[in-house]
Amino acid sequence: MHRLYAVKVKIDNDANAAALAEAKWGAGRGYRNIFYASIGTGIGTGIIFDGRIYHGRTGAAAEVGHVGIDSKGPLCNCGKRGCIETLAAGPAIARRARQKLFDCPRSLLREFAGGDPQAVTSQMVATACASGDAAAKEVIRETLDLLAYWLGNIIDLLEPDVIVIGGGVSMMLAPFLNEIRERWKGATINPAPGEIPLVLARYGEDAGIAGAAALCEFE
Ligand SMILES: [Zn+2]
């Protein structure tokens, strides 16, 4: 590649690269140890350890969206059961909302989805929650619990200086960041989990591009 283009070529996965961009120029700037998660249709994660991407032995580290929190949970795309991705990413939020509609037929969600529960999306859940819909509020509350439990594990493993979250679902959860931090206190043995900031990523759709630039600039 180097010979072909006469420039330095770096290859990494998008979440690792995005984590580096956040560390260098974004919401993680000024911190040495960062845990980054992009929560959208899946959960992609990156670990910045001492200012550099943590790759593990072969480069397969930091697949933290596939850390399992329920061995009997739903089957994930990766083949494992109960990964946080299959419990708390956008499709899981929509799935749990659809299930709730059986018990809460009057939920706003049914209206938003034009009467078809299969058409419910995670964005509809966020909008219905903001309007005070009970079923949607319950789905969001469950999501906060799941993410807080997962992040509590991350804190016990890494004790990062900051946790940065990006992606569409993170934007939906923006009003609840403090609530997640309150909830993770019960999910970690860390003596000072309240001191770890949880912040929104700077880069949205541009995270991959910013990440690629960060790779070339710094790694
Ligand atoms: Zn998985």
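In this predicted model, helices α6 and α7 are roughly perpendicular to each other, because angles of 65 to 115 degrees are counted in that class and the axes of α6 (residues 122-130) and α7 (residues 134-158) cross at roughly 115 degrees, coming within 8 Å. The crossing in which α6 passes α7 is left-handed. On the α6 side the contact is formed by Val125, Ala128 and Cys129, and on the α7 side by Ala136, Lys137, Val139 and Ile140; sorted by class, these comprise six nonpolar residues, one charged residue and no polar ones.

Helix α7 also packs against α9 (residues 177-184), with the axes 8 Å apart and an angle of about 55 degrees, which makes α7 oblique to α9. Here α7 passes α9 in a right-handed crossing. From α7, the residues Arg141, Leu144, Asp145, Ala148, Leu151, Gly152 and Ile155 meet Glu179, Ile180, Arg183 and Trp184 of α9, a contact that counts six nonpolar, one polar and four charged residues.

| Helix pair | Axis angle | Axis distance |
|---|---|---|
| α6 and α7 | roughly 115 degrees | within 8 Å |
| α7 and α9 | about 55 degrees | 8 Å |

Turning to the metal site, the zinc ion is coordinated at 2.0 to 2.4 Å by ND1 of His66 and by the SG atoms of Cys76, Cys78 and Cys83. The angles among the four donor atoms run from 106 to 121 degrees, and the site is tetrahedral. Along the sequence the donor residues follow the spacing H-x9-C-x1-C-x4-C, and His66 and Cys83, 17 residues apart, both lie in the loop between β3 (52-53) and α3 (84-88).

Terms used:
Residues are numbered from 1 along each chain as its sequence is written. This is a predicted model: local features need pLDDT of at least 70, side-chain atom pairs count only at pLDDT 80 or more; totals for chains, interfaces and linings use all residues. Side-chain values use heavy atoms; hydrogens and water are left out. Axes are lines fitted to C-alpha atoms, for helices over the stretch in contact, and angles run from 0 to 180 degrees between N-to-C directions. Helices (H or I, at least four residues) and strands (E, at least two) are DSSP runs, numbered from the N terminus. Angles under 35 degrees count as roughly parallel, over 145 as roughly antiparallel, 65 to 115 as roughly perpendicular and the rest as oblique. A crossing is left-handed if the near helix is turned anticlockwise from the far one by less than a right angle, and right-handed if clockwise. Contact means heavy atoms within 4.5 Å. Ala, Val, Leu, Ile, Met, Phe, Trp, Tyr, Cys and Pro count as nonpolar, Asp, Glu, Lys and Arg as charged, and the others, Gly among them, as polar. Donors are N, O and S atoms within 2.8 Å of the metal (3.2 Å for Na, K and Ca); water is not among the atoms, so sites may look incomplete. Four donors count as tetrahedral if all angles lie between 85 and 135 degrees; four count as square planar and six as octahedral if opposite donors are over 155 degrees apart and all others between 65 and 115; anything else is irregular.
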